[in-house]
Amino acid sequence: MHHRRKDSSVTPLLGRLWAASRTFVLSGLRHTAVLLLVSVLLVSAGCSGCNSANNPQAQAENEDETVEERKKRLAEQQKKKKPPREVKPLTALVGQEPPPEVDEEEGEQPTGKAPQVLLVKPGHWTTTTQEMKSNYDDFVGSSSTTLVDSNNYPVTLAHTNFTFQSTRPVALAKGRAKRIEGELFIPEQSRGIKIRAELRNNQTGSLEPIPSQPLLQKMPSYQYFVVVLAKEISQYAFLKVTDAVRMPWEEEDDAASQAHYRVHLADATKRLPLPSNPLTWTSVAHVVWDEVDPTRLTSEQQSALLDWIHWGGRLIINGPDSFDSLRGSFLEQYLPVKSTGQRTLAADDLSGWSEYWSQRDRGKNPPALQPTKPWSGLELAPLEGTRELAGGGQLFFERNVGRGTVVVSAIQLAERDFINWPGYDSFLNGALFRRPRRFFREGPYGGAQVGWVDFTSRRLDAHFATGLRVFARDSKTKANQWSVEETVQNLFGPNDTVTRTNIDRVGGIGTWSNFNPVASAARDVLTDAAAVRVPGAGFVLSSVGLYLVILVPFNWMVFRTLNRVEWAWIAAPIVALLGTLVIVRQAQLDIGFVRSQTEVALLELQDDYPRGLLSRFTALYSSLSTTYDVEFDSPTAIATPFPSSTQQKAVRESIWDVVFEKQNETELRGLAVSSASTKMVHSEEIFTCEGPLRLSESSRGHLQLDNRLGYDLRDVAVVRRYFKGGDERYESCWLGELENGKSAVLGLQSTQFAANESPFADERMRAASENPTLVDVEGLSKIAFDFPGQEDPMSNRRDEYRVVGLIDQVLPGTQVAPAASQIIGSTVMLAHLGYGPLPASRPDVNSRNDVIKLKPQIFGVTP
């Protein structure tokens, strides 16, 4: 028997390996334990060495640290816990107080909860402000605002397939708070309920965390702002509770009792809440000016204020505290008076004025104004074109500035005896605010109901709240709001009665609208001018005939003359190619082989003022799918997509994002145009001409029209409307051509215009046939002659010289990319010259005290 033999050499080898490994591991553990023990000893020694209790030098340094140094050190530690960017809620510049500023030295946060609502007037552009701060580094990015619905989806503009976003650049220096202003548009009709505000970092492309989205607080159609600029704003707090501001109407529906005005009290020693863009002033009705340093307004704010006045704003100046500071200012040339010295007023000096404003047709006359002590005031001397407010006494004067007015007082507007006089509210309503006379009656629960005596059904008509009028927005438009009771059938019981509110215009006067008479006329003009048409039979036949003549007999004759008839065969394809190119070039705009830009505009001017309000309506056509960007030179420009029809867009259509961007230039980006289609843009801007269009007197004493605009005018007509014996009358003349720098004498003759008749329609038709314009704007020219009617009771009885003409070109100031191969357009010029005075101010027919037996409220006195 054989056995396998074991290898005796394996066992000793494994044993030796195991012994060596065990020895190595144990040695390593011993070394590790020694190192750990040494480390603990070193750390303990080091900590005790650094401890201030064992280190005399460190202890001395801590003892030398002052309380202020400790606070500073703790503040630095607190700053490290702050977020990279601090962004406060978005607020409106006018009418809404921004959150308090951060204390940059102490880094303290303001107490109280920040507002989460944004006050806006639908249909108006709003200047917004938002405070931002970058804590650790400089920041460069952009902020944006988008109107969104309850589901946080962007809302499309009515009758378009575009959403709308506003953006502007943001540059923050490390550790310094900065307020960023933007321009926000809220459409009249929209499902939007809040604003999605975003802050994007240009370096990383990421979004920065910001506060929650503010909900919209929408002002009613008849409500506007009264902005008070004063050093002592507490003196004007009483305005908020006056009946002239509140116009109360007590009834079951409390919503009908909202104030007609929101009073914004602004400290004149701080940053003034005045927008730099006059096109965002349309929600402001009156500005009260008391002891304001005019140099604190930026040049943009100064121009915006003057523009606002020229288009109907009312500036009310407290003379005694403001007149001296206005000498040499941008407002001096528009003041109605000059001051000849100081004046002291007692009861006798006020008696005539007090008697007029104390008259009551139905109620008890209030007592005469009796100052408790003589008032200090100014002796005012009226300048040319100035008139005294009703009541006399040399106390208040006003002057037309364009369509608007500037008022200067000889007494303190917030004089305590004055504002506590029972007749003050009647004067505030009728004279300072220039509104119709009112009646007071008792409501169903013992409160007051206040309405217009001569316009009882138009208590909430926006025409009575503001004097501002922009022709391209407000011509021939109604702006009333009223309630109607309707019966609703109930199958299971008595019928119910419900109250429905009807609103002509949600945004009231000054609303940006794409469907008012001017916008509708512009749309019709663009639809006709930018339409794509198939070439007619005449064009086709003439083109083919000319082509055959050149190809056959002319081609043969040329080479027959050269004795090279055989060359005619070589030239035939060349002639065919050239003929094709010529025909395509002639027909390309009709059959859609190119991009084209068509513009119709309305330039509205005021008397002797070089800045005009230019409303552009632009059609962009492309044969291929194109995304257009429109850039505007003017920093005042605002723009939105313009609906090409009144029909709502189908749900299945693609939605495109349009961005209104304010960088170094103003730009509307992302206007997507499908192939062989047209999209339109509506924009407005303040356009500065070389000079004004004005009425003057010739060397022979005749009335003449001076053109200093920098543009030649054609089809110029002048119409004067005036009232005599209560009857409406007209004078007019046709001038035709009026070149730049020239003047023309007005041969005005009495004219009768039939209903719906356009002045000088025959003359315009004859001029168009002799010298056709690039774009037929007859529809828009006809509207330019429309004077205010019954829809505007505050303007329909006012004298006016009106000039209408044409500038047969597209005015500069816009660039479209990609550029169109052909740009055509015309501009209708409308100038309001020589306004007559406003209707006389009248006192109310009764007062609150005649119907409400309560103690009169005393303003300026703490109970």
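Student: What volume does the largest cavity have?
Tutor: This is a predicted model. The structure holds eleven cavities of 30 Å³ or more. For the largest cavity, the volume is about 250 Å³.

Student: Which residues lie nearest the centre of the largest cavity?
Tutor: The lining of this cavity is made by 20 residues. Two elements, α10 (471-474) and β37 (800-807), each supply at least two residues of that lining. Nearest the centre of the largest cavity lie R469, F471, P788, D792 and R802.

Student: Which element gives the most to the lining of the second largest cavity?
Tutor: The second largest cavity holds about 200 Å³ of space and is lined by 22 residues. The elements that give two or more residues to this lining are β4 (125-134), β5 (139-148), β6 (162-172), β7 (178-185), β8 (194-201) and β28 (656-662). With five residues, the element that gives the most is β7.

Student: How many nonpolar residues does the lining of the second largest cavity have?
Tutor: Among the lining residues, T128, S143, T145, R168 and G182 lie nearest the centre of the second largest cavity. By class, eight residues of the lining are polar and five are charged. The nonpolar residues in the lining of the second largest cavity number nine.

Student: How much space lies in the largest pocket?
Tutor: The largest pocket is lined by 33 residues, and R168, E183, S276, E300 and P635 lie nearest its centre. Its lining divides into ten nonpolar, 13 polar and ten charged residues. The space in the largest pocket is about 690 Å³.

Student: Which element gives the most to the lining of the largest pocket?
Tutor: Elements that each supply at least two residues of this lining are β6, β7, α5 (299-310) and β30 (677-688). One of them gives six residues, the most to the lining of the largest pocket, and that element is β7.

Student: What is the mean pLDDT of the protein, and where is the pLDDT below 50?
Tutor: The mean pLDDT is 84, and 80% of the residues reach 70 or more. Over residues 31-61 the pLDDT is below 50, and this stretch has seven contacts beyond near neighbours in sequence. Another stretch with pLDDT below 50, with 19 such contacts, is residues 102-112.

Terms used:
Residues numbered from 1 in each chain as written. Predicted model: local features only at pLDDT ≥ 70, side-chain atom pairs only at ≥ 80, totals over all residues. Heavy atoms only, no water. 1 Å grid on protein atoms, 1.4 Å probe; cavity = no way out; pocket = protein on both sides within 12 Å on 5 of 7 lines; lining within 4 Å. Points joined across faces, edges and corners; volume = space filled by probe spheres on them. Helix = DSSP H or I, 4+ residues; strand = E, 2+ residues; numbered from the N terminus. Nonpolar A, V, L, I, M, F, W, Y, C, P; charged D, E, K, R; others polar. pLDDT = per-residue confidence, 0-100. Contact = heavy atoms within 4.5 Å.
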